[in-house]
Amino acid sequence: MNTDPFKSYRENSIRGSRAADIYIQSYDEVVRLLNSAARAVEAGDIEKKTHDLNRVFAFIVHLQAALDPADGDEAVQWLNYFYTLVRKQIFEGSVRLKPDQLRQAAGYFAEVRKTWEEARAMSSSTPASNPSLSPQSVPSHSSQEVAPAIASDMTETSSHSAWSA
């Protein structure tokens with residue numbers, strides 16, 4: 001029997017959620033953890049920062065693993081690139097002990113979270129809605145809206161202006 005009421009609430013909430021709700025909850029947790037890590041950096045609590053960021057990286061790995069790059073969908077490509085860029089920014093913010101970079105990454109996740117909310121709303125307003133939204137069904141964002149600031153530093157691609165969804 002689970003004695004933690006918050007954990008029980010989250011587990012029950014996830015069980016009854018549509019896919020978009022799970023993405024939204026994941027993004028909420030990533031934002032919370034990134035802000036917590038930023039506060040830990042400011043307080044000099046490296047152990048807490050490391051714990052929080054390890055959880056963030058685990059979330060990002062799971063979110064990125066849920067993508068199907070073989071699909072060729074622009075939203076999938078954009079999310080894949082987003083996760084790659086933001087993961088790099090978080091790593092740099094962690095190594096350099098820059099809380100502002102961690103908060104900026106939290107802001108990027110908060111912006112993309114809004115897109116999942118839009119997708120959920122669109123799904124809810126459609127009579128024959130499919131409860132299993134996927135990254136392919138996410139409304140498009142331009143790269144300029146939530147592109148991590150380090151996009152120009154990425155050497156794996158020729159130009160971040162080429163990515164859009």
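Visitor: What makes the meeting of the side chains of Tyr83 and Tyr27 a polar contact?

Guide: In this predicted model, the side chains of Tyr83 and Tyr27 come to 2.6 Å. A polar contact requires a pair of N or O atoms within 3.5 Å, one able to donate a hydrogen and the other to accept it. The value of 2.6 Å falls within that limit, so the pair is called a polar contact.

Visitor: Where does Tyr83 lie, and which residues does Tyr83 touch, apart from its neighbours within four places in sequence?

Guide: Tyr83 belongs to helix α4. Setting those neighbours aside, Tyr83 is in contact with Tyr27, Ile60, Leu63, Gln64, Leu67 and Phe109.

Visitor: How do you know whether Tyr83 is buried or exposed?

Guide: The relative accessibility of Tyr83 is 0%. Buried means under 20%, and therefore Tyr83 counts as buried.

Visitor: What makes a group of residues a nonpolar core, and which residues have the most contacts inside the largest one here?

Guide: The members must be buried residues of nonpolar kinds, Tyr being counted among them, joined through side-chain atoms within 4.5 Å. The largest such core in this model has 31 residues, and Leu34, Tyr83, Ile90 and Phe109 have the most contacts inside it. Helices α2 (19-43), α3 (46-65), α4 (74-95) and α5 (99-125) each give two or more residues to this core. The largest share, 11 residues, comes from α2. In soluble globular proteins, nonpolar side chains tend to be buried together.

Visitor: Why is the pair of Asp28 and Arg113 called a salt bridge?

Guide: The closest N and O atoms of Asp28 and Arg113 are 2.3 Å apart. A salt bridge needs a side-chain nitrogen of Lys or Arg within 4 Å of a carboxyl oxygen of Asp or Glu. The pair meets that limit, so the name salt bridge applies. Asp28 lies in helix α2 and Arg113 in helix α5, so the pair ties together parts that are 85 residues apart in sequence.

Visitor: How do you know whether Asp28 is buried, exposed or in between?

Guide: The relative accessible area of Asp28 is 35%. Under 20% is buried and over 50% is exposed; the value for Asp28 lies in between, so Asp28 is partly exposed.

Visitor: What places Glu111 and Lys114 about one turn of the helix apart?

Guide: Both residues lie in helix α5, 3 residues apart. An α-helix has 3.6 residues a turn, so residues three or four places apart point the same way. Glu111 and Lys114 form a salt bridge, with their closest N and O atoms 2.9 Å apart. At 28%, Glu111 counts as partly exposed, and at 45% Lys114 does as well.

Visitor: Which residues are joined with Glu117 into one network?

Guide: Glu117 meets Arg113 in a salt bridge, 2.3 Å from N to O, and the two residues lie 4 residues apart in helix α5. With a relative accessibility of 29%, Glu117 is partly exposed. Salt bridges that share partners join Asp21, Asp28, Arg113, Glu117 and Arg120 into one network. The structure holds 10 salt bridges.

Visitor: How many helices and strands does the protein have, and what share of its residues is buried?

Guide: The protein has 6 helices and 0 strands. Of its 165 residues, 41% are buried.

Key. Residues are numbered from 1 along each chain as its sequence is written. This is a predicted model: local features need pLDDT of at least 70, side-chain atom pairs count only at pLDDT 80 or more; totals for chains, interfaces and linings use all residues. Side-chain values use heavy atoms; hydrogens and water are left out. Buried means under 20% relative accessible area, exposed over 50%, partly exposed in between (1.4 Å probe, protein chains only). Contact means heavy atoms within 4.5 Å.
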